[in-house]
Amino acid sequence: MKRDGAEKEAPVSALPVDPKPEQAATAAPPATELGEKEVQAQSAAAAAAPSHSDDAKEELSSAETEPPIVGDSDRQKFSTSPARQVSVAMGELNRAEYVSVGESPSSPVNNAKKVSVLPLVFLIFYEVSGGPFGVEDSVGAAGPLLALLGFLVFPLIWSIPEALITAEMGTMFPENGGYVVWVSSALGPFWGFQQGWMKWLSGVIDNALYPVLFLDYLKSEIPALGGGLPRVAAVLALTVVLTYMNYRGLTIVGWVAVILGVFSILPFAVMGLVSIPKLRPSRWLVVNLKDVDWNLYLNTLFWNLNYWDSISTLAGEVENPNKTLPKALFYALILVVLGYFFPLLSGTGAIPLNRDLWTDGYFSDVAKIIGGAWLSWWITGAAAMSNMGMFVAEMSSDSFQLLGMAERGMLPEFFGKRSRHGTPLIGILFSASGVVLLSWLSFQEIIAAENFLYCFGMILEFLAFIKLRIKHPAASRPYKIPVGTVGSILMCIPPTILICVVLALSTVKVMIVSLAAVAVGLLLHPGLGYVEKKRWLKFSVSADLPDLHFANRDRPDTLVY
């Protein structure tokens with residue numbers, strides 16, 4: 001999308017200033033607001049400062065004779081040196097700071113508190129996993145051995161490559177658009193919008209599942225929640241409460257995720273300790289390759305080990321994302337894999353195998369056999385709380401993605417408005433509405449539809465990652481996967497093959513519905529372009545972000561489409 005009047009505007013100039021706050025005050029306001037004498041006086045004062053180098057003096061002198069051109073936003077982007085302007089175009093925001101005229105470089109873009117490492121780890125944990133609830137089908141589909149091997153091998157094929165790409169690209173473009181910005185920078189704004197549409201829809205479909213599962217865990221004790229008006233009312237009430245939690249702020253959501261995460265993981269740690277005397281290692285080796293439901297097995301693994309990239313849409317809300325994001329992804333990866341493997345290890349090793357019983361919710365029965373009713377109740381409660389954690393984490397990612405797309409001019413400007421808590425109010429309301437509308441779908445339909453759309457989005461991410469590695473190998477990457485161009489391509493081959501298998505195993509019904517959803521995105525992009533052209537709604541690009549598509553087109557070393 002073009003920003004309003006982009007065709008008529010000259011590119012915004014960037015003046016080099018010293019990044020220290022006490023020296024930043026010497027930076028001159030635009031020449032349009034000062035007389036010639038005032039400009040000369042401020043330039044002379046800057047030249048007299050002992051901390052400026054000779055190069056800085058020359059740059060400031062040059063700024064006198066060539067005053068910056070200010071666009072319609074009356075904002076000016078400053079970087080520490082001309083060389084840093086290249087990094088600005090690459091999306092690197094940690095070293096080149098963007099400020100308004102008269103502000104210090106340390107001025108925050110919004111008043112919301114940033115997310116630190118520990119809450120970010122548990123937000124990722126709930127984006128991806130939420131605990132071992134739902135992995136039981138892997139045992140029912142393939143037996144203990146393949147289930148255990150699957151949750152050890154699958155992360156190598158899928159989770160680790162996806163997490164590594166998220167760490168590299170998320171620090172390269174530390175803003176709320178996340179994967180939308182990656183794809184837009186590499187493949188253009190059209191495909192960036194398609195990525196945003198498919199990923200947002202996939203996330204909302206996924207989120208529609210959690211209120212339903214939460215009530216499923218409670219209906220055994222409250223039968224009225226099994227259907228009818230009470231169930232509908234309960235879904236709406238739960239959605240409203242959790243949506244309000246997202247509205248109150250991402251830091252609140254992050255610490256709620258920590259509390260829920262500890263509550264969800266702890267009973268399985270206790271179950272593992274209690275199960276030790278009952279373990280029989282021979283039970284782990286049971287396998288029958290002639291009796292494997294490969295469709296159910298692969299979909300269970302895929303659903304429980306994807307969505308690592310979702311956290312990228314919150315990168316703009318993270319404290320020091322260049323260090324915090326890779327570190328949090330690493331810790332979360334360990335937590336997720338261990339959180340799946342050890343409960344399966346204790347559950348399959350401590351009781352005799354009956355594959356027909358290993359379906360969703362069976363861990364509560366396993367806990368009762370191993371430790372008694374008290375442990376079963378604990379795991380049932382943990383499962384219910386886990387669904388709450390996954391809901392708030394997914395909604396945060398979905399709503400901030402819409403905010404990031406609005407800041408890039410892909411959506412109307414009102415999507416970029418923040419509440420007084422710093423949260424994207426319109427994005428939250430849109431995501432909550434999607435959850436309510438889709439909550440009538442069955443579990444199997446939800447899983448299949450979201451996997452199909454998610455696969456399309458991941459293909460675009462892999463293409464963007466490889467293209468940026470090939471076209472811009474020297475681009476600034478605060479975190480860089482220690483492989484070259486060939487290694488990057490090879491790393492993406494196994495997960496791409498897996499995507500093709502998942503797509504091939506989809507039913508005709510799911511394929512038709514998913515392709516129809518993709519077609520909506522293909523029509524929605526030009527439709528929004530027409531709305532912008534007619535000026536029915538306002539679109540704009542945030543002045544706090546580097547311009548990916550319009551600035552520096554003649555610079556060969558920038559990430560410009």
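**Exercise 1.** In which helix is Leu-266 found? Then work out how accessible Leu-266 is, and how far it sits from Ala-382 in sequence and in space.

*Solution.* Keep in mind that this is a predicted model.
- Step 1: look up the element; Leu-266 belongs to helix H12.
- Step 2: compare sequence and space. Leu-266 and Ala-382 are 116 residues apart along the chain, yet their C-alpha atoms are 8.8 Å apart.

**Exercise 2.** Describe how helix H5 packs on helix H12, and say which residue classes make the contact.

*Solution.* 
- Step 1: get the geometry. H5 (residues 117-128) and H12 (residues 250-275) pack at an angle of about 65 degrees, and their axes are 8 Å apart.
- Step 2: name the arrangement. Angles of 65 to 115 degrees count as roughly perpendicular, so H5 and H12 are roughly perpendicular to each other.
- Step 3: list who takes part. From H5 the residues include Leu-118, Phe-122 and Leu-123, while H12 brings, among them, Val-253, Gly-254 and Ala-257.
- Step 4: sort by class. The H5–H12 contact has 14 nonpolar, three polar and no charged residues.

**Exercise 3.** Find which residues touch the most other members of the largest nonpolar core, then follow Leu-123 to its contacts.

*Solution.* 
- Step 1: start with the core. It holds 140 residues, and those touching the most other members are Leu-123, Ile-124, Trp-158, Met-271, Trp-308 and Phe-363.
- Step 2: ask who supplies it. Helix H16 (residues 373-407) gives the most, with 15 residues.
- Step 3: zoom in. Leaving out residues up to four places away in sequence, Leu-123 touches Val-115, Leu-250, Val-253, Gly-254, Ala-257, Ile-311, Leu-314 and Ala-393.

**Exercise 4.** Is Arg-355 buried or exposed, and what does Arg-355 touch?

*Solution.* 
- Step 1: locate it. Arg-355 lies in the loop between helix H14 (321-350) and helix H15 (362-371).
- Step 2: apply the cut-off. Buried means under 20%, and Arg-355 has a relative accessible area of 18%, so Arg-355 is buried.
- Step 3: list the contacts. Not counting residues up to four places away in sequence, Arg-355 touches Val-139, Gly-140, Ala-141, Ala-142, Gly-143 and Asp-291.

Definitions and conventions. Residues are numbered from 1 along each chain as its sequence is written. This is a predicted model: local features need pLDDT of at least 70, side-chain atom pairs count only at pLDDT 80 or more; totals for chains, interfaces and linings use all residues. Side-chain values use heavy atoms; hydrogens and water are left out. Axes are lines fitted to C-alpha atoms, for helices over the stretch in contact, and angles run from 0 to 180 degrees between N-to-C directions. Helices (H or I, at least four residues) and strands (E, at least two) are DSSP runs, numbered from the N terminus. Angles under 35 degrees count as roughly parallel, over 145 as roughly antiparallel, 65 to 115 as roughly perpendicular and the rest as oblique. Contact means heavy atoms within 4.5 Å. Ala, Val, Leu, Ile, Met, Phe, Trp, Tyr, Cys and Pro count as nonpolar, Asp, Glu, Lys and Arg as charged, and the others, Gly among them, as polar. A nonpolar core is a set of buried Ala, Val, Leu, Ile, Met, Phe, Trp, Tyr and Cys residues joined through side-chain atoms within 4.5 Å. Buried means under 20% relative accessible area, exposed over 50%, partly exposed in between (1.4 Å probe, protein chains only).
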